[in-house]
Amino acid sequence: MTTSTMPGGPVFTDAGFRRLFAAATASRLGTSIGQLALPLTAVAALGAGPGQVGVLATAGTLAFLLIGLPAGAWVDRVRRRPVMVAADLLRAVLLGSVPLAWWAGALTLNQLYAVALLCGAATVFFDVADQSYLPHLVGPGRLTAANTALVSMDAANQLAGRGVGGLLVELLSAPVAIAVDALSFIWSALCLRSIRRPEPPPGTARAGLGRDIAEGVRLVARHPVLRVFTAEGALTNLGCQIVMTMLPVLFLQEPGLSPLWLGAFLTAGGAGSLLGSAAARRLALRLGEGRLILLTSVGIVPFLPLLPLLDGGAGLWAAGAAWTALTVKVGVSNVIKVSYRQRVTPDRLLGRVGATMRFLLTGALAIGAAASGLVGELIGVRAALWAGAGVLAVSCLPIVCSPLRTSRDLPAGQGTA
């Protein structure tokens, strides 16, 4: 991989990374608020039912299935930072249209669907460019430290953002919370524009987009570790999204619950993700990365039957404990898996390999949202929670059934397409 020109020392000594971190802090805080506020706007302001909430959640992730793979091939042909800035500004404009339409009395579900879909498309390009840009900015030796900082910050934002989001929705309304999300993307774009380090020129274009896409897919499919990580991650995302899609509906329908309690529940998940991401590097050194992934994947299974017990009484605390355990696992996985993928992927394939994995992992979110809305509409909201818990229970099987179950450490070396 190409080495960074960044001088030695801790990752926060570099001004470029500090600006990237500030951008991510602002946008992810706003995103945490918006992920809570958008479905609550649909339910509280427009009377959306479980099926419509499922459609809204599907729209937000559908772009990864529609354009995820070509986006990766395209990002590998251009400089990544301008793509990230443009995606931030587009998301700010789209989200800003929601409170404006609400204040004008013209907000509709169709507008929310369109905003979710187009914001999802912008997020596809941003995420692929972001994870391809980081190795150039910090160098291969600091990827784990940089990802630990970013994932921990993301978890802290979930901890704060969803609590703040619940409070904003409770006190001011969901559309006002979406306005805060829009402002966060403007700040992110300004921070990214201020990074001074020149970005390396993009790789030369290949013979065709199809061949470029196939090269990234081939590396993921043939790599023994990335293939397993992708399967396990897709199942985890599928189960999480089935549960998450119905949570706003349940918290507004169940006696004794409210948007404020939903914010508190998701804040507990943010605390778990923060704990997992902050401890991932130290635990990996003590236990080994391979063993840590196995232990966390299997360790959540006993907690999962508590999720569907969520209610306005003791079930809230039991389900909250299960959700926190699940997010600890997710925090650990995000640091270890993303750092490993960035280490073993050749520079010229970073965008395409990232897009391939995003296509599958975030595509699972789209499928999960659609399935959750269907189950919630036809059978019931709580049945959707049971379905999500069941998928999460089997998500460890790709790890358990692979050679990784006996490996202390993950194999080194770059993948080949």
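This is a predicted model: local features need pLDDT of at least 70, side-chain atom pairs count only at pLDDT 80 or more; totals for chains, interfaces and linings use all residues.
A residue counts as buried under 20% relative accessible area, exposed over 50% and partly exposed in between (1.4 Å probe, protein chains only). Residues are numbered from 1 along each chain as its sequence is written, and side-chain values use heavy atoms, with hydrogens and water left out.

**Helix α11**

- Helices here are DSSP runs (H or I, at least four residues), numbered from the N terminus.
- Helix α11 covers residues 314-344, and its 31 residues reach 46 Å from first C-alpha to last.
- That's close to the expected 45 Å, the expected span being 1.5 Å times one less than the number of residues.
- Of the 31 residues in α11, 22 are buried, so the helix is mostly covered by the cut-off of under 20%.

**Salt bridges**

- You'll find six salt bridges in the structure (a side-chain nitrogen of Lys or Arg within 4 Å of a carboxyl oxygen of Asp or Glu).
- One of them pairs Asp130 with Arg28, with the closest N and O atoms 3.4 Å apart.
- Asp130 sits in helix α4 and Arg28 in helix α1, 102 residues apart.
- Asp88 and Arg91 pair up at 2.8 Å, both within helix α3 and about one turn apart.
- Glu232 and Lys329 meet at 2.5 Å, N to O, and both are buried.
- Shared partners join Glu232, Lys329 and Lys337 into one network of salt bridges.

Methods: Helices (H or I, at least four residues) and strands (E, at least two) are DSSP runs, numbered from the N terminus.
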